[in-house]
Amino acid sequence: MPPAVDQLVQRVHSYHPMADTELIRRAWGFAEWAHRDQKRKSGDPYFIHPASVAGIIAELRLDTASVCAGLLHDVVEDTGVPLDELAGHFGGEVATLVDGVTKLGKVNFTSKEDRQAENFRKMVVAMAQDIRVLLVKLCDRLDNMRTLEHMKPEAQERIARETMEIYSPLANRLGIQRFKSELEDLSFRWLEPEAYREITSKLNQTQKERDRYIDGVCKTISSRLAEHHFASDVYGRAKHIYSIHRKMKEQHCDFDSLFDTLAFRICVESVADCYAVLGVIHSRWTPIPGRFKDYIALPKQNMYQSLHTSVLGPGGKRIEIQIRTHEMHRVAEDGVAAHWKYKERHSGGVDPKDAARFGWLRELADYQSSVKDPAEFLESVKVDLFPDEVYVFTPRGDVKVMPRGATPLDFAFDVHSDVGFHCTGAKINGQMVPLRYKLRNGDSVEILTSPHQKPSKDWLDFIVTTRARSRVRSHFRAEQREKSVNLGRELLESRMHAAGMSFAKLWKNDDEVKRIAEQHRCGSREELLLQIGFGKLDADAVAASARGKTQDPTEVPKELKPSPLETIVRKVTRREGGGLKVNGVDDVLVRYAKCCNPLPGDAIIGFITRGRGATIHRRDCLKAFDTDPERRIEVSWDTKAKIQRPVQLKVYTANKPGILAVLSQTFSSQKINISEANCRAEDEDRACNLFTFTVADTTQLKSVVRALEKVSGVVGVERV
């Protein structure tokens, strides 16, 4: 049952004597009145929920505004009370917190996944501005999970999965271990009910024996430490249910075969005592190699500090022992909430030193504003909340904490965006490694850079951090936009020239360009070219708009007639026909048709596709004739660009030993590297060999074909 208002006020007053308890009483009364006609799924009064949330917030020892926000968090959405009315009654600070945790029930999204992602996106923005939003939200989710049995089965699974994937990792990221453990266990109960019941049953069956063992170990540790004059508190417990399930899966064993299910905690006065107590423990019981972790010297990103060791305890049982100071224990249990600074009303907050630890929140908030796809954002969030971490060193010996699975490229972007953009390679512990290398604990990382290096699309296949992915995607979006604008300019200039009009003269007339842009619902001249480049606007239609309302559709307005000089320049630069120059395989606005696979040197034609730039066909391709004539554009190969294009050849040969070796040698003599080969015998006398490789142009391809045709045993060669 939730606390009564007097109990809630007394609890807040116990840790925050200067709290405005009258505000809490008024919030309690207002919320109770607002929810007076509402019931929960269980049939209980709805107000039980916000009262319980406020009680959990008080357990975290948060400030008055947070407690009030817990009481009022559903008032705006569920009872129709306007936010400004709430601000009038309880102040802007409380209203801001309530707004931050209000669900996005009024917005229609296309799928449940999008609703989940958008809801979380809003929460990220709000909590980056004030971490209390997330703390209140976590308390709200914890109470909902505690009463999930009254929901329908499909709702139970959906809410439990969202909690396991998002809210439990968030609690971990904020260092609130007790929230993390309880949310995991509650989610596990509904996601895998049979496994949950089995482990719970086993724990209940062994509880008396386990309690006796824990009590004996605690007494042994306490007496041993007392002999060495250490003031300490010793606790023991079984690991939580989901943790046991995870260990069973990792170790591929059942409950009875599982080691290391018991954990003991020793709290002492100082850091020096922690290390001294570790020595006492290791002198009493044999430590298990590879199981010691020093989170005091290398704290986790969520501020967690402790020494972890596993030993063979009484009866040869594996037990885990955590050694920490009392302050470290408080931080381990309450995380960021343990660092709350109580100031005068309306000025609560966290210490700037502690707030700096949550830079990942600000990065998420920055990232969400540049990502339009909710699913993409949510997937990146899950990576950032991934609980495992690795500790690596800069060349100067500074420690950096990276998510497990991070690569040298993620490290480079963590140092600075420019370092990431210009990264050419990396040295790990003095040895060159691929950029795909996964960082390990203790690695010393040195990043090699070059001013000429640019990001590659392949990087998106292996970088994992939000920061790195955000920077690389932003780079390619900006690059694509620039190329779209240039393509749009080329197309419009070509269409206007074909109609006898001067693009240069039009573009100098700001008023006229603005009129044309507005006519086609574009906010600027750049947007106009962008839409043409993407294929969303027809260049002929824009050119017709430039012509204006002339009586004769072929008549060119005087102000748009090209000057004699412009005509001469066009002829000299051979731009009479206009069109696009194909600059290379990496051009995001140029796609090569798979049906005919054009090579430099082939006669080609372009086709504008909506939102995808230009698709390039060979002129003799049958599919090119099927395209809409109005969407065809003249294109040519840029002779200055170095283009390598993949091509396939079918080589028909006699089916005899050694022929494949001779063919391979022929490719090698032409300085061609075969990327793929598929060879099969069609019958006893004949074989078909399909080779995939890259060439610079048709001249090089013809040279290869001629060389292959000269090989003894080759019956025929054809381009696929």
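Author: A residue counts as buried when its relative accessible area is under 20%, as exposed when it is over 50%, and as partly exposed in between. Please keep in mind that the model before us is predicted.

Reader: With which residue does Glu512 form a salt bridge?

Author: The general idea is that side chains of opposite charge can pair when their charged atoms come close. In this structure, Glu512 pairs with Arg515, and their closest N and O atoms are 2.4 Å apart.

Reader: How many residues apart are Glu512 and Arg515 in helix H24?

Author: An α-helix has 3.6 residues a turn, so residues three or four places apart point the same way. Glu512 and Arg515 are 3 residues apart in H24, which means that about one helical turn separates them.

Reader: How many salt bridges does the structure hold?

Author: There are 18 salt bridges in the structure. One of them joins the side chains of Arg246 and Glu184, with an N to O distance of 3.9 Å. Arg246 belongs to helix H14 (residues 241-251) and Glu184 to helix H11 (residues 177-191), so this pair ties together parts that are 62 residues apart in sequence. Arg246 is partly exposed at 30% relative accessible area, whereas Glu184 is buried at 6%.

Reader: Which residue forms a salt bridge with Arg719?

Author: The partner is Asp602, and the closest N and O atoms of the two are 2.8 Å apart. Arg719 lies in strand E23 (residues 714-719), while Asp602 sits in the loop between strand E15 (590-592) and strand E16 (604-609), so the pair ties together parts 117 residues apart in sequence. Arg719 is partly exposed at 25% relative accessibility, and Asp602 is buried at 14%. Salt bridges may also form a network, as they do in linking Asp63, Glu93 and Arg132.

Reader: Which residues of H14 are buried?

Author: They are Ile241, Tyr242, Ser243, Ile244, His245, Lys247 and Met248. Their cover includes helix H10 (153-173), H11 and helix H12 (193-205). Just after H14, His252 has a positive phi of about 50 degrees.

Reader: At what angle do the axes of helix H6 and helix H7 cross?

Author: Two packed helices are described by the angle between their axes and the distance between the axes. For H6 (residues 83-90) and H7 (residues 92-101), the angle is roughly 140 degrees and the axes come within 7 Å. The crossing of H6 and H7 is right-handed.

Reader: Which residues of H6 and H7 meet?

Author: From H6 come Leu83, Leu86, Ala87 and Phe90, and from H7 come Gly92, Val94, Ala95, Val98 and Asp99. The residues of this contact comprise 7 nonpolar, 1 polar and 1 charged.

Technical notes. Residues numbered from 1 in each chain as written. Predicted model: local features only at pLDDT ≥ 70, side-chain atom pairs only at ≥ 80, totals over all residues. Heavy atoms only, no water. Salt bridge = Lys/Arg side-chain N within 4 Å of Asp/Glu carboxyl O. Helix = DSSP H or I, 4+ residues; strand = E, 2+ residues; numbered from the N terminus. Buried < 20%, exposed > 50% of the residue type's maximum accessible area, 1.4 Å probe, protein only. Contact = heavy atoms within 4.5 Å. Axes fitted to C-alpha atoms, helices over the stretch in contact; angles between N-to-C directions. Left-handed = near helix turned anticlockwise from the far one by under 90°. Nonpolar A, V, L, I, M, F, W, Y, C, P; charged D, E, K, R; others polar.
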